[in-house]
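Please work through each task before reading its solution.

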Amino acid sequence: GKGTQAEVLCQEFNIPHISTGNMLREAITAGTELGKKAKSLMDEGILVSDEVIVDVVVERITQKDCESGFLFDGYPRTIPQAKALDNNSIEINLVIEIDVPDEVIINRMSGRRVHVGSGRNYHVQFNPPKEDDKDDLTGEALIQREDDKPETVRDRLEVYRSQTLPLINFYFERAQKEDLDYLKTSGVGSPAEVSQLILDK
Ligand code: AMP
């Protein structure tokens, strides 16, 4: 998934990984106002409102560790979120589109298991824990994210099509006229194979 690839790229280029999904999940665990607003929406696979997420992102990006670059994972997810970057003078140099067919996405997500405390991800088939349903490092229980259940994944794909897909054209057109690179890669294959495809380009 995009989170795994984002981690590889952030290590490679030594830049912070700005995952709005992770930030929202942390807010839920911490029981903050943001977490309360986000929880039921996320469980159903619906996007958190642009207003809320833009504030969170701008606040994060203006911190010192982002001064020499950062990588967004899961942001922007709508055209208004992309426009908010312009309005806040946040410049994007590279967009990576990772293309994965729906059936592969549903299969991957339904097998994903997470250790809530650390965010460590496993997959029952592709990256199983040493012991079934237990985190390798702590031995604590792994869970399936509510939004990884197959019914919810189908809803998320619909949300993607209606709200996020338009960003492909938005950034592709921009790449024709502005100083922005657009890289499209297949996301089918093992995590290491996909990382190699991205790093080779
Ligand atoms: P992710 O971990 O990126 O798949 O995000 C999980 C969920 O968090 C999404 O289904 C949304 O409910 C919410 N979310 C994450 N990023 C955004 C965003 N940029 N805008 C709105 N909602 C988001």
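**Exercise 1.** State how many helices and strands the protein chain has.

*Solution.* The protein chain has 9 helices and 6 strands. These are DSSP runs numbered from the N terminus, with H or I over at least four residues for helices and E over at least two for strands. The model is a predicted one, in which local features need pLDDT of at least 70 and side-chain atom pairs count only at pLDDT 80 or more, whereas totals for chains, interfaces and linings use all residues. Residues are numbered from 1 along each chain as its sequence is written, and side-chain values use heavy atoms, with hydrogens and water left out.

**Exercise 2.** Compare the radius of gyration of the protein chain with that of a compact globule.

*Solution.* Step one: a compact globule of 201 residues would have a radius of gyration near 17 Å. The rule is 2.2 Å times the number of residues to the power 0.38, and the radius is taken over C-alpha atoms. Step two: the protein chain has 17 Å, which agrees. Step three: the C-alpha trace spans about 50 × 40 × 35 Å along its principal axes.

**Exercise 3.** Locate the cis peptide bond from Tyr 75 to Pro 76, and Asn 14 with its positive phi.

*Solution.* The cis bond has omega near -10°. Pro 76 belongs to the loop between β2 (71-73) and α5. Asn 14 is not a glycine, yet its phi is about 55°; its place is in the loop between α1 (2-13) and β1 (17-19).

**Exercise 4.** Describe the surroundings of the ligand, beginning with the number of residues.

*Solution.* Step one: 17 residues surround the ligand, each with a heavy atom within 4 Å of it. The closest are Lys 2, Thr 20, Ile 46, Gln 81 and Arg 156.

Step two: by class, this shell has 7 nonpolar, 4 polar and 6 charged residues. Ala, Val, Leu, Ile, Met, Phe, Trp, Tyr, Cys and Pro count as nonpolar, Asp, Glu, Lys and Arg as charged, and the others, Gly among them, as polar. Helix α2 (residues 20-30) gives the most to the shell, with 4 residues.

Step three: consider individual atoms. A polar side-chain atom of Thr 20 is 2.8 Å from a ligand nitrogen atom, and a backbone N or O atom of Val 48 lies 3.1 Å from a nitrogen atom of the ligand. In the side chain of Arg 156, an N or O atom is 2.8 Å from an oxygen atom of the ligand. Taken alone, the ligand exposes 480 Å², of which the protein buries 97%; such areas come from the Shrake-Rupley method with a 1.4 Å probe, and for residues only the protein chains shown count as cover.

Conventions:
Polar contact = N/O pair within 3.5 Å; in protein donor to acceptor, adjacent residues only side chain to side chain.
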